[in-house]
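Subject: Structure handover

Hello,

Here is the structure we talked about. My notes follow below it.

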Amino acid sequence: MTENENHRDIIIIGCGPAGLSAAIYAARGGAKTAIFSGMLPGGQLIQTMEVENFPGFPEAVPGADLMQKMMHQVKRLGCEILGEEIIKVDFETKPFKFTASSKKVFTADSVIIATGAKARWLGLPSETKFRNKGVSSCATCDGFFHRNKDVCVIGGGDTAAEDALFLAKFSNKVYLVHRRDKLRTNRRSEEKLKANPKIEILYDSTLDEVLGSDKVSGVKIKNVKTNEIKEINLSGVFIAIGHTPETSLFKDKIEIDAQGYIKTDGHAKTSIEGVFAAGDVMDPNYKQAVIAAGTGAVAAMETLKYINIAR
Ligand SMILES: Cc1cc2nc3c(=O)[nH]c(=O)nc-3n(C[C@H](O)[C@H](O)[C@H](O)COP(=O)(O)OP(=O)(O)OC[C@H]3O[C@@H](n4cnc5c(N)ncnc54)[C@H](O)[C@@H]3O)c2cc1C
């Protein structure tokens, strides 16, 4: 093992639920571990006021409070959190090399990538204004707040279809707004959407504006064929046009799938020995904090096995 002040047994890139959960297991496993937190210490969850589905919090907890608790736990267990971004990685020689935003170079015997994913947005000013005030990219997270109310889902793929079906379970009415004349989802989902009396599909339509004062009260929907604009009163707007995983740093260095997610073997191992991945960056399906934390724990347990073997 390398004896050097910039060397760690494990480096974790990313300080969301996946990276922090990995750090808890790594630190308790006796590994000298550092997390690089990048621009968003605490990860995506700090952007939400209420998390109601993380076990152990019987009342809704603000995302920022939950993540502060996780960071506190990690530090108490002896893991450093370094407030820098990693701007370059070198997995070709061992130990692996990492250049931080300060240009300092760190080395590690193994790495856990937990850089997350970003929801894609349409880019409308009114969409940005009402984010977390009725505009959301996560039906699983925020759907529950619209019980017995009307909502819309923007998109026409599998995620939009799943979100609309999920929301229809407790919302009063769901408008599925799709810019083309045909959905891009599988036949089974399309049948279910059409059979659900609570769902109305608005084809050839786009979101023109989100309306409201302090929170969402409606939307303007534009028919792209007729240019007709209609207003709909509703309380929630769910943008379901996909996510972009934060993998640009690893392009051509490890295997990445066609959608940009890091490929793993189901046990957090990537295409390079000693490089592990956890959380939204390798999860095209679920994107939930508890799942990110679970995969973080798996990654750390596999990494501990790897460094013990490698030594
Ligand atoms: C508004 C909103 C509300 C949500 N609500 C819920 C909810 O109620 N319940 C739920 O379960 N899930 C919710 N989610 C989803 C949940 O936040 C994510 O599934 C979860 O945060 C993913 O965790 P992660 O650790 O994989 O990545 P992230 O939380 O995205 O964290 C990624 C980390 O990587 C860091 N990073 C990225 N690049 C670099 C780099 N080059 N160098 C160093 N660090 C880097 C970032 O700064 C960040 O710290 C919500 C998401 C959003 C956006």
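Start with the ligand: one of its oxygen atoms is 2.6 Å from a polar backbone atom of L40. That is a polar contact, meaning a pair of N or O atoms within 3.5 Å; within protein, one must be able to donate a hydrogen and the other to accept it, and residues adjacent in sequence count only if both atoms are side-chain atoms. The protein covers 93% of the 1000 Å² of accessible area that the ligand has on its own. Areas come from the Shrake-Rupley method with a 1.4 Å probe; for residues, only the protein chains shown count as cover.

A note on the source. This is a predicted model, where local features need pLDDT of at least 70, side-chain atom pairs count only at pLDDT 80 or more, and totals for chains, interfaces and linings use all residues. Residues are numbered from 1 along each chain as its sequence is written, and side-chain values use heavy atoms, with hydrogens and water left out.

α1 and α7 (289-310) are the elements that give two or more residues to the shell around the ligand. Helices are DSSP runs of H or I with at least four residues, strands runs of E with at least two, numbered from the N terminus. In total, 33 residues surround the ligand, each with a heavy atom within 4 Å of it. The closest are S37, L40, Q44, D280 and A289. By class, the shell has 16 nonpolar, 13 polar and four charged residues.

**Helix α1**

α1 runs through residues 17-28. Its twelve residues reach 17 Å from first C-alpha to last, close to the 16 Å expected at 1.5 Å a residue (1.5 Å times one less than the number of residues). Ten of the twelve are buried, that is, under 20% relative accessible area (1.4 Å probe, protein chains only). Among them are P17, L20 and I24. After the helix comes G30, with a positive phi near 90°.

**S235**

S235 sits in the loop between β14 (229-233) and β15. Why is S235 counted as buried? Because its relative accessibility is 16%. Its side chain makes a polar contact with the side chain of H146, at 2.8 Å. Leaving out residues up to four places away in sequence, S235 touches G134, H146, K149, D150, V151 and V216 (contact: heavy atoms within 4.5 Å).

Best wishes

Conventions: Buried < 20%, exposed > 50% of the residue type's maximum accessible area, 1.4 Å probe, protein only. Nonpolar A, V, L, I, M, F, W, Y, C, P; charged D, E, K, R; others polar.
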